[in-house]
Structures are given as C-alpha cells and as structure tokens.
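Please keep the structure open beside the text as you read.

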Amino acid sequence: MAEANNSDMESSQKPQVVYRCKKCRRIVAAGENIVTHNRGKGESSFKWRKRNGNHQDEPTECTSIFVEPMKWMGAPLEEGHVEERLHCIGCKARLGYFNWAGMQCNCGAWVNPAFQLHKSRLDECHL
C-alpha cells in the first residue's frame, strides 16, 4: 500500500508540459499527446538537395514536435484529407502540418503518421 502512495506522489511531482499557440495562448497539446521518435542520422538522411552543407557531428535539436491526432484539428481529419496544414482553432494561425503517409523530422527521423507542430509557433509552459 505504501508503494502505491509513493507512485502517486511521484506522478504528481512531475511537471506537466503544455504547448500553447504563441498568438492567442490557446492550449493545443499536452505532454501526454506527444509522439516520441528516435533521433535520425541528421543531414545524411536527407536528399542532397535538402542538405545545407554543414557536416556537423553533433545532432541538431528537433524544431518540431509530433503529436497524436486531436479533436481541435477538426475538419481536415474528418473530411478524409491525406495531408493538410494545421491551424489554431482560436486565431487560425498556422501551427504545422499533418500527413497520414508520414513526414521526416529535421533530425532525419521518419514519423508515420505525422501530426507536426512547429516549436517556433508554440509556447512551452510547465504547470
């Protein structure tokens, strides 16, 4: 019984991460909605046209997060689109893209299906 209480305390002590639209501050995702992916091989994973010529050994940080499909994504998902832009339901700002066939992250990893939100358009808040 003491073990259950300890696990409850540990889970309540973890900070909750919430992602908000930078423009209107509406919550668009939470930490539990994030789909993790293994870091890819970096620039060597991309076609030669998409490479920028910097051959760094250190991996770059992902500029996007990938999430599971959510209700606010609405009409494009319900209408059967294969790929589409994702807009904030509050202010209509473009937050990212989705593609049922998958997308490549800037780290080189392939995520399938991909519901990509750009970190530059989100605020990360710890509750």
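## Ground rules

This is a predicted model, in which local features need pLDDT of at least 70 and side-chain atom pairs count only at pLDDT 80 or more, while totals for chains, interfaces and linings use all residues. Residues are numbered from 1 along each chain as its sequence is written, and side-chain values use heavy atoms, with hydrogens and water left out.

## Overall layout

The protein chain has two helices and nine strands. Both kinds of element are DSSP runs numbered from the N terminus: H or I over at least four residues for helices, E over at least two for strands. Along the sequence they follow the pattern α-β-β-β-α-β-β-β-β-β-β.

Of the 127 residues, 32% count as buried; here buried means under 20% relative accessible area, exposed over 50%, and partly exposed in between, with a 1.4 Å probe and protein chains only. Contacts are heavy atoms within 4.5 Å. Among the contacts with a separation of 6 or more, 56% come from residues 24 or more positions apart.

Two strands pair if DSSP finds at least two bridges between them. Strand β4 (residues 83-87) pairs with strand β5 (residues 94-99) in the antiparallel sense over five bridges, and histidine 87 has arginine 94 as its bridge partner in β5. The hairpin of β4 and β5 has six residues between the strands. Lysine 92 is in this loop and has a positive phi of about 70° although it is not a glycine. With a relative accessible area of 57%, lysine 92 is exposed.

β5 also pairs with strand β8 (residues 114-118), again in the antiparallel sense, over four bridges. In that pairing, tyrosine 97 has glutamine 116 of β8 as its bridge partner.

Which residues does glutamine 116 contact beyond its neighbours within four places in sequence? They are Ser64, Ile65, Phe66, Leu86, Leu95, Gly96, Tyr97 and Met103. Glutamine 116 counts as buried because its relative accessibility is 9%. Its side chain makes a polar contact with the side chain of serine 64 at 3.2 Å. A polar contact is a pair of N or O atoms within 3.5 Å; within protein, one must be able to donate a hydrogen and the other to accept it, and residues adjacent in sequence count only if both atoms are side-chain atoms.

Asparagine 99 is found in strand β5, and its relative accessible area of 11% is why it counts as buried. The side chain of asparagine 99 reaches the backbone nitrogen of alanine 101 at 2.8 Å. Leaving out residues up to four places away in sequence, asparagine 99 touches Val82, Glu83, Pro113 and Ala114.

## Backbone details in the loops

Proline 113 sits in the loop between β7 (110-111) and β8. A cis peptide bond joins asparagine 112 to proline 113, with omega about -15°.

Arginine 25, in the loop between β1 (17-21) and β2 (27-30), has a phi near 70°, a positive value in a residue other than glycine. Arginine 25 is partly exposed, with a relative accessible area of 38%. Glycine 108 lies in the loop between β6 (103-104) and β7 and is buried, at 10% relative accessible area. Glycine 108 and glycine 40 are 68 residues apart in sequence, yet their C-alpha atoms are 4.3 Å apart in space.

## The second largest pocket

On a 1 Å grid over the protein atoms alone, a pocket is an open set of points where a 1.4 Å probe fits, with protein on both sides within 12 Å along at least five of seven lines; lining residues have an atom within 4 Å of a point. Grid points are joined across faces, edges and corners, and the volume is the space filled by probe spheres set on the points.

The second largest pocket has a volume of about 180 Å³. Its lining counts 14 residues, of which His37, Cys62, Ser64, Ile65 and Lys119 lie nearest the centre. Strand β3 (residues 64-66) gives the largest share of this lining, three residues. By class, the lining has seven nonpolar, three polar and four charged residues; Ala, Val, Leu, Ile, Met, Phe, Trp, Tyr, Cys and Pro count as nonpolar, Asp, Glu, Lys and Arg as charged, and the others, Gly among them, as polar.
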